[in-house]
There are 2 protein chains.
Amino acid sequence: MAKQKPDNLKEALVDEAFSVIEEKGVEQLSFREISRRLGVSHQAPYKHFASRDHILAAVIGRCFDAFASHLNNRPKADSSVDDLRNMGLAYMGFAEQHPLMYRLMFNTALPPVHDHPEMLAKSQHAFALLRDRLATMELRDPATDVPDPARHDAVFIWAALHGLASLMQSDAIATLGLSDRERDIARQRMFQRLSLAMHDQDVDRVE
Amino acid sequence: MAKQKPDNLKEALVDEAFSVIEEKGVEQLSFREISRRLGVSHQAPYKHFASRDHILAAVIGRCFDAFASHLNNRPKADSSVDDLRNMGLAYMGFAEQHPLMYRLMFNTALPPVHDHPEMLAKSQHAFALLRDRLATMELRDPATDVPDPARHDAVFIWAALHGLASLMQSDAIATLGLSDRERDIARQRMFQRLSLAMHDQDVDRVE
DNA sequence: CCATTCTAGTTGACACTGTCAACTTCATTT
DNA sequence: AAATGAAGTTGACAGTGTCAACTAGAATGG
């Protein structure tokens, strides 16, 4: 089991941490298990990470990097609306292709962000991609006094995407007994309804 | 610290488990801590719960009970649409008033549902409330062949509500720097956009 | 060139955890 | 009265995070 001691232990620790989480789940992540697998002593990780939470934060930070880069690699469309749609699809695509990373970022009890500023920065960066995409879109009647409406629409869209993605992964979906085909239908329907909601410029005047 | 040994230890264990989670977080929940607080031996819980996961499942089951009853106690409205809206508001209200319970139900890595059928049943019951509410609503053009559309709209609405609720609680919201007032605005905006999306009966024909 | 300091790693210990096993108490049933 | 079974006990074991003290070796400074 014990591999060659790697040159860059810090990187190797994070790699191995992810593997452990993949195989045995995040609760089973332990310094000692990682150490054993890398053939180093149980205290070696402490030279690079102050605590178990710190290496978890590093793993999650990597997930945010991968997520942001996935969003940026979406196919570029000409119109703003289409581009936003592509971003939404890219979001859902990441959640489907990398459910573990997705859960780690959004469904796990994160280590307290205050103690892990690097992780926080990466998470803010990922969200900024969506917010900035919306900021260029003039989504509302500028007469109302709602500050920074793009941010609120970003919240709405993010919430919807996140809700769907996390619902699709959760055990709750088994509750519903949706087939694969029905899952696709549900996702399409969601995008259609979101389109409807976002195309209407008059949201501030409803009710 | 050690209280009087209670008559109904099983109930008391679940109560105390919830307290521990409240105080120290779900990862810090331990049989031994619960036992100490109740003044019983560290093995006493095993007479009532097969494992740590089983008591966690019991705690979460209670949350689903409280959640379902909160949804059922919503103000009843005359029209279907208004009643659905009330249910949505009740949903968000529960998430805001009982963030811990909400997280336990939807944001925690649940103990594998297969091993905890009682918890699963309670969770299905809660979702059925929303699905049944939608089932009476004739939300679509019946000409298309999409099976059980109410279920798909239930997914959409549930996803949006869950996404917003969990976003509001997550550290991500700190990222955005929304004030309390802005949070309210974001929630209102979400309901408005959802109304827009759901009022349009032609969703199946879009694009 | 030698002494010092710093870094990355080591071993050992401690308190904590879940869980298995064996024991005791005591009420219920036969 | 004997047997049974449930509820609770103590004891043990392996696993965990983390503190402390130690070591080998590289870098640094005079």
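Helices (H or I, at least four residues) and strands (E, at least two) are DSSP runs, numbered from the N terminus. The model is predicted: local features need pLDDT of at least 70, side-chain atom pairs count only at pLDDT 80 or more, and totals for chains, interfaces and linings use all residues. Residues are numbered from 1 along each chain as its sequence is written, while chains are lettered from A and ligands numbered from 1 in the order in which they are written.

**View 1. Surface near DNA strand C.** Helix α2 (residues 31–38) of chain B contributes the most to this surface, with three residues. A residue counts as near a strand if its C-beta atom, placed from the backbone, lies within 6 Å of it. There are 15 residues around DNA strand C, of which A:S41, A:Q43, A:A44, B:S30 and B:S51 come nearest. By class, the surface has four nonpolar, seven polar and four charged residues; Ala, Val, Leu, Ile, Met, Phe, Trp, Tyr, Cys and Pro count as nonpolar, Asp, Glu, Lys and Arg as charged, and the others, Gly among them, as polar.

**View 2. Surface near DNA strand D.** Here the largest share, three residues, comes from helix α2 (residues 31–38) of chain A. Of the 15 residues around DNA strand D, those that come nearest are A:S30, A:S51, B:V40, B:S41 and B:Q43. The surface divides into four nonpolar, seven polar and four charged residues.

**View 3. Packing of α1 and α3 in chain A.** Chain A has nine helices and zero strands. Helix α1 (residues 9–24) and helix α3 (residues 52–72) of chain A pack at about 85°, with axes 9 Å apart; axes are lines fitted to C-alpha atoms, for helices over the stretch in contact, and angles run from 0 to 180 degrees between N-to-C directions. α1(A) is therefore roughly perpendicular to α3(A), a term for angles of 65 to 115 degrees. A:L13, A:V14, A:A17, A:F18 and A:I21 of α1(A) meet A:I55, A:A58, A:V59 and A:R62 of α3(A). Eight of these residues are nonpolar, none polar and one charged.

**View 4. Contacts of A:V59.** Apart from its neighbours within four places in sequence, A:V59 is in contact (C-beta atoms, placed from the backbone, within 7 Å) with A:V14, A:A17, A:F18, A:I21 and A:L104.

**View 5. The loop at B:S79.** B:S79 lies in the loop between α3 (52–72) and α4 (80–97) of chain B. With 8 other C-beta atoms within 10 Å, B:S79 is exposed, the cut-off being 12 or fewer, with C-beta atoms placed from the backbone. Its C-alpha atom is separated by 21 Å from that of B:G93, 14 residues apart along the chain.

Note on methods: Buried ≥ 20, exposed ≤ 12 C-beta atoms within 10 Å, placed from the backbone. Contact = placed C-beta atoms within 7 Å. Parallel < 35°, antiparallel > 145°, perpendicular 65-115°, else oblique.
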